[in-house]
Amino acid sequence: MDRRKELREQYRQMKPDMGAFIIRSRCHPVGYLEVTQDLKSTINSTVFKLNFGNHPNKRLQTQWKHDGEAGFTVEILEILDYDQDEGKTDYSEELALLKLIWEEKLSKENLTLY
């Protein structure tokens with residue numbers, strides 16, 4: 001039983017990677033930028049929504065339907081580190097700043113965002 005408690009506690013202590021990712025068109029200079037506190041889950045959810053035709057960004061959804069999943073790449077742009085303060089759980093300001101930084105970087109690459 002102690003092993004079970006230990007595993008539960010380890011799981012509870014796990015922190016998902018947070019940061020920015022982009023879904024970039026292979027055919028056009030456009031992309032969809034998103035920041036999140038859980039990169040893996042958000043990427044999976046976004047691709048799932050796109051494959052089933054119910055993503056909230058209609059321009060991206062239309063292009064996805066036209067080009068298919070093979071017409072896009074999904075790239076993690078940056079992973080944010082957690083603060084040393086274990087009690088901090090709200091990283092919305094840091095993520096908003098990260099999004100602004102990446103919007104600027106991508107605009108310099110002449111990439112249009114959906």
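Biologist: In what order do the four strands form the open sheet?

Modeller: The order is β3-β1-β2-β4, and the pairing is mixed. This is a predicted model, in which local features need pLDDT of at least 70 and side-chain atom pairs count only at pLDDT 80 or more, while totals for chains, interfaces and linings use all residues. Residues are numbered from 1 along each chain as its sequence is written, and side-chain values use heavy atoms, with hydrogens and water left out.

Biologist: What makes β3 and β4 the edge strands?

Modeller: Two strands pair if DSSP finds at least two bridges between them. Strands here are DSSP runs of E with at least two residues, and helices are runs of H or I with at least four, numbered from the N terminus. β3 and β4 (112–113) each pair on one side only.

Biologist: In which sense do β2 and β4 pair, and over how many bridges?

Modeller: They pair in the parallel sense over two bridges, which meets the requirement of at least two bridges. In this pairing G31 stands opposite L113 of β4. By contrast, β1 and β2 pair in the antiparallel sense over six bridges, with G19 opposite T36 of β2. A hairpin of four residues joins β1 to β2.

Biologist: Why is T36 called buried?

Modeller: T36 has a relative accessible area of 10%, and buried means under 20% (exposed is over 50%, partly exposed in between; 1.4 Å probe, protein chains only), so the term applies. T36 belongs to strand β2, where seven of seven residues are buried. Both faces of β2 are covered, with V30, Y32, E34 and T36 on one side and G31, L33 and V35 on the other.

Biologist: What makes the approach of T36 to D38 a polar contact?

Modeller: A polar atom of the T36 side chain lies 3.1 Å from the backbone nitrogen of D38. The definition asks for a pair of N or O atoms within 3.5 Å; within protein, one must be able to donate a hydrogen and the other to accept it, and residues adjacent in sequence count only if both atoms are side-chain atoms.

Biologist: How do you know that the length of α2 agrees with a helix?

Modeller: The expected span is 1.5 Å times one less than the number of residues. For the 13 residues of α2 (residues 39–51) this gives 18 Å, and the end C-alpha atoms are 18 Å apart, which agrees.

Biologist: Which residues of α2 are buried, and what do they pack against?

Modeller: The buried residues are L39, T42, I43, T46, V47 and L50.

Biologist: Which members of the largest nonpolar core touch the most other members?

Modeller: Of its 13 residues, these are A20, L33, L77, L98, W102 and L106. Such a core is a set of buried Ala, Val, Leu, Ile, Met, Phe, Trp, Tyr and Cys residues joined through side-chain atoms within 4.5 Å. β1, β2, β3 and α4 (92–108) each give two or more residues to this core, and the largest share, four residues, comes from α4.
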